[in-house]
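Subject: Structure handover

Hello,

Here is the structure I promised to pass on. My notes follow below it.

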Amino acid sequence: MPLYETVFIVRQDIGAAQVEQMTKDYSKILTSMGGKILKTEQWGLRQFAYIINKAKKGHYTLLESDCPAAAIIEMERLMRNNEDVVRYMSIKLDEPSKGPSAVLVKHDNDDRYENNNNNNQEVA
Amino acid sequence: MARPERNSDRNSERSERPNAEAEGAEAGGEKKSFFKRRKTCPFSGKDPQSIDWKDVRTLGRYVSERGKMMPSRITSVCQKKQRELAQAIKRSRYMALMPYVRTEMENTRGPRPDRPSYDRPERSERPHRSNAV
């Protein structure tokens, strides 16, 4: 079975607990059709880069699974029908990902910090 | 008899535009230093960076201030990887991790990248000197 990575965005005014519940529901669909969930990630409430349906934020969830294509199609169909899902995208993966995805990784070399350093150097 | 004439023509041409040459050399120097910073493709070769559509921080480096993709002739990404990169940026845009367009207003929030603007290049910075010899 191929590996898939699905990310979906849920509307902002839905609670985090409800998003978890939705994630569970979708995973259940995948598993019930013979799939296996490899990874789930809650990215939390994230700011959009642009306004989608008059909303500026949304709950992002990532589902990585090893399941038949039919299961993904069914899950996408349900997402399409669910009005709370703003956007979804499923991508076939070549190999399972390692560690948490790049979105969750925190970088301590913050831009602001770098700027401060540069300013100090200029002053000195 | 024609040859010496031509030579003299060339000489006169050269002497006519020393300023242009000097300007070009300056701009060329800047351009060269910009290119020299990273000569090889960062996504291939020895321990390459992976292209991931979720990695906004990496993708952001290959996008101009406006949010347009940078051409590979500037970023020196190889053709194969440039295609992958383009796909990744488009995915990331669709999922609203990256903007399709970034306007000037939004730009003032964050620090500007330390590279010459690709969107509105100044003439002197990026002269097309490949044809003129």
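A:Arg11 has A:Gly58 of β3(A) as its bridge partner. β1(A) and β3(A) run antiparallel and are joined by nine bridges. Strands here (E, at least two residues) and helices (H or I, at least four) are DSSP runs, numbered from the N terminus.

Before you go further, note that this is a predicted model: local features need pLDDT of at least 70, side-chain atom pairs count only at pLDDT 80 or more, and totals for chains, interfaces and linings use all residues. Residues are numbered from 1 along each chain as its sequence is written, while chains are lettered from A and ligands numbered from 1 in the order in which they are written.

**The sheet**

Chain A has three helices and four strands. Along the sequence they follow the pattern β-α-β-β-α-β-α. The four strands form an open, antiparallel sheet in the order β2-β3-β1-β4. Two strands pair if DSSP finds at least two bridges between them. β2 and β4 of chain A are the edge strands; each has a single partner, so one side of each is left without a neighbour in the sheet. From one strand to the next, the twist averages 20°. α2(A) packs on this sheet and touches β1 and β4 of chain A. Its direction makes about 165° with that of β4(A). Axes are lines fitted to C-alpha atoms, for helices over the stretch in contact, and angles run from 0 to 180 degrees between N-to-C directions.

**The hairpin**

β2(A) and β3(A) are antiparallel too, with 11 bridges joining them. A:Thr40 stands opposite A:Leu63 in β3(A). The two strands form a hairpin with two residues between them. A:Asn53 sits in that turn, with a positive phi of about 50°. A:Asn53 counts as exposed because it has 11 C-beta neighbours inside 10 Å. The cut-offs: buried means 20 or more other C-beta atoms within 10 Å of a residue's own, exposed means 12 or fewer, and partly exposed lies in between, with C-beta atoms placed from the backbone.

B:Ala96 is a residue other than glycine with a positive phi, near 60°. B:Ala96 lies in the loop between α5 and α6 (104–107) of chain B. With 23 C-beta neighbours inside 10 Å, B:Ala96 counts as buried.

In chain A, buried residues make up 25% of the 124 residues. A:Val10 touches A:Val19, A:Met22 and A:Gly58, among others, not counting residues up to four places away in sequence. Contact means C-beta atoms, placed from the backbone, within 7 Å.

**Where the chains meet**

The contact takes 13 residues from chain A and 14 residues from chain B. On the side of chain A that touches chain B, β2, β4 and α3 (111–123) of chain A each give two or more residues. β2(A) supplies the largest share, four residues. That side of chain A divides into eight nonpolar, three polar and two charged residues. Here Ala, Val, Leu, Ile, Met, Phe, Trp, Tyr, Cys and Pro count as nonpolar, Asp, Glu, Lys and Arg as charged, and the others, Gly among them, as polar.

Best wishes

Methods
Contact = placed C-beta atoms within 7 Å.
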